[in-house]
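My notes follow, entry by entry.

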Amino acid sequence: MDHSRVPVLEALEEFRRRGDVVFGPPGHKQGRGVDPRVADIVGLDVFRSDVLSLNGLDDRRQSQGVLGQAQELMADAVGAEQAFFSTCGSSLSVKTAMLAVAGPGEKLLLSRNAHKSVIAAVVVNGVEPIWVHPKFDTERHLAHPPEPEDVRRRLEEHPDAKGMLLITPTDWGTCADVAGVARVCHEFDVPLIVDEAWGAHLPFHPGLPAWGMDAEADLVVTSVHKMGGAIEQSSVFHLQYDRVSPEALKQREDLLGTTSASSLVYATLDGWRRQMVEHGHDLLDAALHRAERIRSAVGDLPGLRPMGEEVVEEGFAAAFDPLKMVIDVRELGISGMQAAEWLRANRHVDIGGSDTCRISASITHADDDETEKVLLDSLRALVEGAGSIEKQPPVRLPSPSALELEQAMLPREAFFAPVEHVSAERAAGRIAAETISPYPPGVPVVAPGEVITDEVLDYLRSGVEHGVLIPDAADPSLRTLRVVARD
């Protein structure tokens, strides 16, 4: 296919050339009505490019097939049979993918280290989750993706399960044996969905971990805004084989998705695909060499421990994305959240992720010598300034087994059940009616329907005292918890 073509961008260019005057949404009419004070900050071209797909980029009959052409080019670029764009982010795309495989009351295997959006999907879709617990790294206090045998065991226990949702890479760059999990799923004749939100770049360089389509996954969801070059909420479904119906996927997306899709998302997805096909290998090659230099330099700084291929060599993950700069800061006597806050306040550097033990920075094709220097200079300053950071009460990390809570009710049933709010001191033994996720990275410690324990409560409450944010709890202070009411 001709990857120099960008159907959405070409249609947008033609729309501007024609000078169409629009008498429908958006109400700002390509910037004519925007407040100049807004345009001064955001830029008028943002509004000039905000055009309806129907009666804008294309006619109401979609006779030019603008979006369809762009999606065909995307599928060809990454080796998928079909690709579909989504403008609501992968949080919604994963919900759609799950619902395309399992309906209300049906079973679906899920990695328990999933993002809160997956738990939300379980509540919204009404599927029965069969949790596949991650491989836990006690020394790093880090959850890595489950292994093929973990999936096999759960499929043998639940032969009526409709499929598996695997999250890889994780927020911290560790990757699953996707091919191994796919083989197990296909032995049981069920599809493998891969939530590859952090992996949109993987198809475009052989030095990166295996891409889900190449590893024989059936349906892969990517967030191109995370490691790619499209704007926020840019998501793509990639589909192959016949275990997931394209018709069902489109209908579920239509059920959950917006009817006011953003041309900005479509256009930047289209342009990013062209950039990667034409220049992706060289751009990512430069990023990989840059990441290698940064990792080496960080390893020489006292108190900082960057994570790399040793996590694979130690058997915790099948692969590691070297563009994820994951740095343990505990030897500095501070938490990752404190490090992130110090870097933002003192160096105007916004780190991509942080938790009790570490920080992470994403290195992409957009980085250059200047951003490399800024990152390294700021980390050197952190090492020098860590002693002045005010000490906070420690977070009491639980044992790995303590994080495997009993599922006493289906998440949907618990979420919509009659509830009451009880004090934290009285919450142990009760069934949670809410999701409780330290954020970032946003992986729920407690999901609706799980039985709350003293050890998990101690962990969460000590985290709040330390400064951990828990934005999805009814009471973010965790003085009270939302639980299923007793009869």
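**Entry 1: two helices in contact**

I looked up how helix α1 (residues 7–18) packs against helix α4 (residues 66–78): the angle is about 150° and the axes are 8 Å apart. From α1, the contact uses Pro7, Val8 and Ala11. From α4, it uses Val66, Gln69, Ala70 and Leu73. I sorted these residues by type: six are nonpolar, one is polar and none is charged.

I noted the terms. Helices (H or I, at least four residues) and strands (E, at least two) are DSSP runs, numbered from the N terminus. Axes are lines fitted to C-alpha atoms, for helices over the stretch in contact, and angles between N-to-C directions run from 0 to 180 degrees. Contact means heavy atoms within 4.5 Å. Nonpolar covers Ala, Val, Leu, Ile, Met, Phe, Trp, Tyr, Cys and Pro; charged covers Asp, Glu, Lys and Arg; the others, Gly among them, are polar.

I also noted that this is a predicted model, where local features need pLDDT of at least 70, side-chain atom pairs count only at pLDDT 80 or more, and totals for chains, interfaces and linings use all residues. Residues are numbered from 1 along each chain as its sequence is written, and side-chain values use heavy atoms, with hydrogens and water left out.

**Entry 2: salt bridges**

How many salt bridges does a search of the whole structure find? I got 34. Each is a side-chain nitrogen of Lys or Arg within 4 Å of a carboxyl oxygen of Asp or Glu. Side chains of opposite charge can pair when their charged atoms come close.

I picked out Arg5 and Glu10, whose side chains meet at 2.6 Å, N to O. Arg5 is partly exposed, at 39% relative accessible area. Glu10 is partly exposed too, at 25%. For these labels, buried means under 20% relative accessible area, exposed over 50%, and partly exposed in between (1.4 Å probe, protein chains only).

Next I checked Arg293 and Glu372, with their closest N and O atoms 2.8 Å apart. This pair links distant parts of the chain: Arg293 sits in helix α11 (residues 263–299) and Glu372 in helix α14 (residues 369–385), 79 residues apart. Is Glu372 buried or exposed? Glu372 counts as buried, because its relative accessibility is 11%. Arg293 is partly exposed, at 40%.

Then I turned to Asp377 and Arg380, which form a salt bridge at 3.0 Å, N to O. Both lie in helix α14, three residues apart, about one turn of the helix. Shared partners also join Glu139, Arg305, Asp328, Arg330 and Glu331 into one salt-bridge network.

**Entry 3: a nonpolar patch**

I found a nonpolar surface patch of about 340 Å², made by Val38, Ile41, Val42 and Val46. Patch residues have over 30% relative accessible area and no salt bridge; like charges are joined within 9 Å, nonpolar side chains (Val, Leu, Ile, Met, Phe, Trp, Tyr) within 5 Å. Areas come from the Shrake-Rupley method with a 1.4 Å probe; for residues, only the protein chains shown count as cover.

Helix α2 (residues 36–42) gives the most, with three residues. Val38 is in helix α2. Val38 counts as partly exposed because its relative accessibility is 34%.

**Entry 4: Asn113**

I located Asn113 in the loop between β2 (107–111) and α6. Asn113 is buried, since its relative accessible area is 9%. What does Asn113 contact, leaving aside its neighbours within four places in sequence? I listed Pro134, Ala143, His144, Pro145, Pro146, Thr170 and Val443.
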